[in-house]
Structure formats: structure tokens, C-alpha cells
Amino acid sequence: MDRSKNWRDRTKITHAGNRPFDNHGVVNPPVYHASTILYRTVAELRMKEQAPFDHVTYGRTGTPTTFAFEEAVAALEGADRAIALPSGLAAIAGSLFSFLKAGDHVLMADTTYGPTRKLCDNQLAKLGITTTYYDPMIGAGIADLIQPNTRVIYLESPGSHTFEVQDVPAMAEVARARGCVTMIDNTWASPLYFKPLDFGVDLSIHAATKYIVGHSDVMMGVVSMRNAHWKTVKTQVHAMGYSVGPDDCYMALRGLRTLGARMAQHEKSALKIAEWLQRRPEVERVLHPALPGTPGHEIFKRDFKGSSGLFSVILKPCSQHQLAAMLDGLELFGMGYSWGGYESLIVPSAIEKSRTAKPWKTDGPMLRIHAGLEDPDDLIADLEEGFSRLRSNLSGESAAQ
Ligand SMILES: Cc1ncc(COP(=O)(O)O)c(C=O)c1O
């Protein structure tokens, strides 16, 4: 009897996709470096050509290393199948192109990741596919924006700068009734803390680059779905030439094995830092789905199993000079894009430039913080010193931004 379907998440994280006794008892799946795959007979070649994605047929369609990673992610997402892609953005592009054709229309969350917006505004637009951005808090009201040619409703919950949590089940229900495909960028929650397919979403997309890989050293994406959509997506991404290197797949699977332990610490540290920030006089507002006051907090409590390490803080107005004094001297928080690795990060956010459906404006600067796996008290001390530099650097430009 296959008991793996009943495994709890921590068990799936540890064992899904591994078959040690297919490989001399070695715990982790081997890394298959492959382009050419040999066939013993013409009959075998013909048979595998008929169903190229069901076998190892050519390096680009995947090897047992790829399949082990995909199987593990699908198990965690509660999906039938998953497809590995060379970056999170490739997973987004591959998913959109799988269901859209010239003349179609997409409904896109206004909070979406910047390059997803660029993809819609440039590459999709060039093909005659139109996009309407919607207020992420629209919920079932999305029904009013559906046009006869709306094919895809795309969600990102929470938005990765402003953290609005979307009413996913309400939107998925409307989409299903109107014949639209739903896809969600689920990167923030990781496959552990939110299960989009359980809420009626068709495709769950991850920038595996973030929490799944977890060590800031691999670019990868993955999309999970039920069997009904798998062939469509696999055929499309294969036609586009997407392929993931075996070493990267191995690293991503290795990262996934510790996801549970890492996420628990990211969650704890981020909450501790966020709550400390809420009490600081320099802070206007903290945006974290697990804290009351962030739009969609009640939905978060209803639908999510936990929170991750990424959140934002809006400071009271200060000068660029003060902000730079704070950020430039931080010792533990690195300044850089991406997130989900073991290390803490902080970046100024300029999200107001890209919002169109629901303009976003703050008086003071907004910072996006990723709480890494350091001791949170050391991280707080680093920020505290940053705030004292901010306060003591009143010279230089004085205009509030
Ligand atoms: C929410 C979100 N989705 C997707 C991506 C894209 O992932 P990748 O950088 O692996 O292409 C990112 C990257 O920052 C992201 O923040």
C-alpha cells in the first residue's frame, strides 16, 4: 500500500521523490548529466517517441534528477504533477504562454512581481494579448472585470512588496464558473504554508530560487498542477526550449529537504523583528500578513498555515541622506534583490512607480526586509544601530521624500 499520499508535510519534505534503493541505497538521487539518451532498439525508440514526456528521451525533457525534484514539489503542493523551469520568471512566462493566444485577455493582480508586469505589457501585448490590472483585494468582484475573451486570472498572494492577501477561493470559484484558468505566484508562502490547488487554483507557481533552494545560489522555477493541465504546460515549455540543469535540480531538491526547519525560523524571526519595528518611533507602519492591519490579514488567518520571512516597513518621512546612513552601515542585512535564502536582506522599495489599478503612495520610504536565519536579536541590534545613524544624520538634504 502506498502510504505517501497520507504523509504530513514534514514527512513529504523529507522523503518525497527519493528512491534510494533504485540507486544502491544512496540517500539522494544521483545527478544525471545528459543530452543524448540511447535506445536499444528501433521498437524502443518508436515507443518512447510516442510519449516523450513519460520517459527519459532527451536531456531537455528531463532526467531522473529533474523528476525527483518535480515529484517532491507536487507532493507538497497537493498536485498531480510539477514541472521544473530555469527560473521563477520562466515558470510565470511558461504558464501564461501555455494558455494564452492572440486576442485573449488576462486579469493580473496590481501587486504582481515587476517582471511579470513587464511580460504582460511588452511580450504579451506584442502578440495581441491584453492585460487589465485589478485591485488585489477585489475578491469575488473580479467577476465584473471578466470579458468574453478573458482566458487567465493571475494572482499573487500576498503581493511581494505591499503584502495584500487575496481572497483566493472566492476568485477561483468565479474563474471556474466563467471558464478562466487561474494561476498564482505562491512564492511568498512556499509550498508549505499555502496550498493553492486546495483552494481551487489551477496552477501554483514558485520562484524556487527563493525558499525552495534556500541558499541564494540557484535560479529555478516550478509550476504545479492537476493532470488535466500538465500536458498543456509541458508541451508549451518544451516547445519554448526551457530546460533545467541537473546540478540545479539536485541543489533545489537538497534545499527543499530543509524547507520545514528553515521556514519555521524565518517565520519566528520575521514576526519578532516586525513586532519590534511596530514599536519604533521611526516607523509609520509594518506590512506583514500575519499582523492585524495589513490588508487581507483575516484571509491570511483563514487560509494560510504560516508566514514566511518577507515583509515591509514604511518609515516616517526622512531624507535620502538619512535613509542611506541607516542602510549603508548595516552589518548583517545585505542590500540586494531576491529573498528566501538563509541570509537577511533589506531593500528600498519603489512600488508606487508600477501600480496602476490601485495607486500606492507613502509619505516616508518603504523598505522590504527578508529575515534570514541569523539570531533575530542580532538582526534587531543591527536595525537599532541603523535607526540611530538615521536619527543622527539630519545634515545633508532635508526634504522629506
Ligand atoms: C514574487 C516573485 N515571483 C517571481 C520571481 C522571479 O523569480 P526568478 O528570480 O527565479 O526568476 C521573483 C523574484 O524576485 C519574485 O519575487
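This is a predicted model: local features need pLDDT of at least 70, side-chain atom pairs count only at pLDDT 80 or more; totals for chains, interfaces and linings use all residues.
## Ligand shell

## Polar pairs and cover

A polar atom in the side chain of Asp185 sits 2.6 Å from a ligand nitrogen. Gly88 takes part through its backbone: an N or O atom there lies 2.8 Å from a ligand oxygen. Tyr113 takes part through its side chain, where an N or O atom is 3.5 Å from an oxygen atom of the ligand. The protein covers 92% of the accessible area that the ligand has on its own, which is 390 Å².

## Helix packing

Helix α4 also packs with helix α5, residues 114-126. Their axes are 10 Å apart. The angle between α4 and α5 is about 40°. Angles under 35 degrees would count as roughly parallel, and 65 to 115 as roughly perpendicular. The two helices, α4 and α5, are therefore oblique to each other. What is the hand of the crossing where α4 passes α5? The crossing is right-handed.

## Backbone features in loops

Two loops hold backbone features to check. The peptide bond between Ser157 and Pro158 is cis, with omega about -10°. Pro158 belongs to the loop between strand β4 (150-156) and helix α6 (168-177).

The other feature is at His24. Its phi is near 60°. That is a positive value in a residue other than glycine. Where does His24 lie? His24 is in the loop that runs between α1 (9-15) and α2 (42-50).

Terms used. Residues are numbered from 1 along each chain as its sequence is written. Side-chain values use heavy atoms; hydrogens and water are left out. A polar contact is a pair of N or O atoms within 3.5 Å; within protein, one must be able to donate a hydrogen and the other to accept it, and residues adjacent in sequence count only if both atoms are side-chain atoms. Accessible areas come from the Shrake-Rupley method with a 1.4 Å probe; for residues, only the protein chains shown count as cover. Axes are lines fitted to C-alpha atoms, for helices over the stretch in contact, and angles run from 0 to 180 degrees between N-to-C directions. Helices (H or I, at least four residues) and strands (E, at least two) are DSSP runs, numbered from the N terminus. Angles under 35 degrees count as roughly parallel, over 145 as roughly antiparallel, 65 to 115 as roughly perpendicular and the rest as oblique. A crossing is left-handed if the near helix is turned anticlockwise from the far one by less than a right angle, and right-handed if clockwise.
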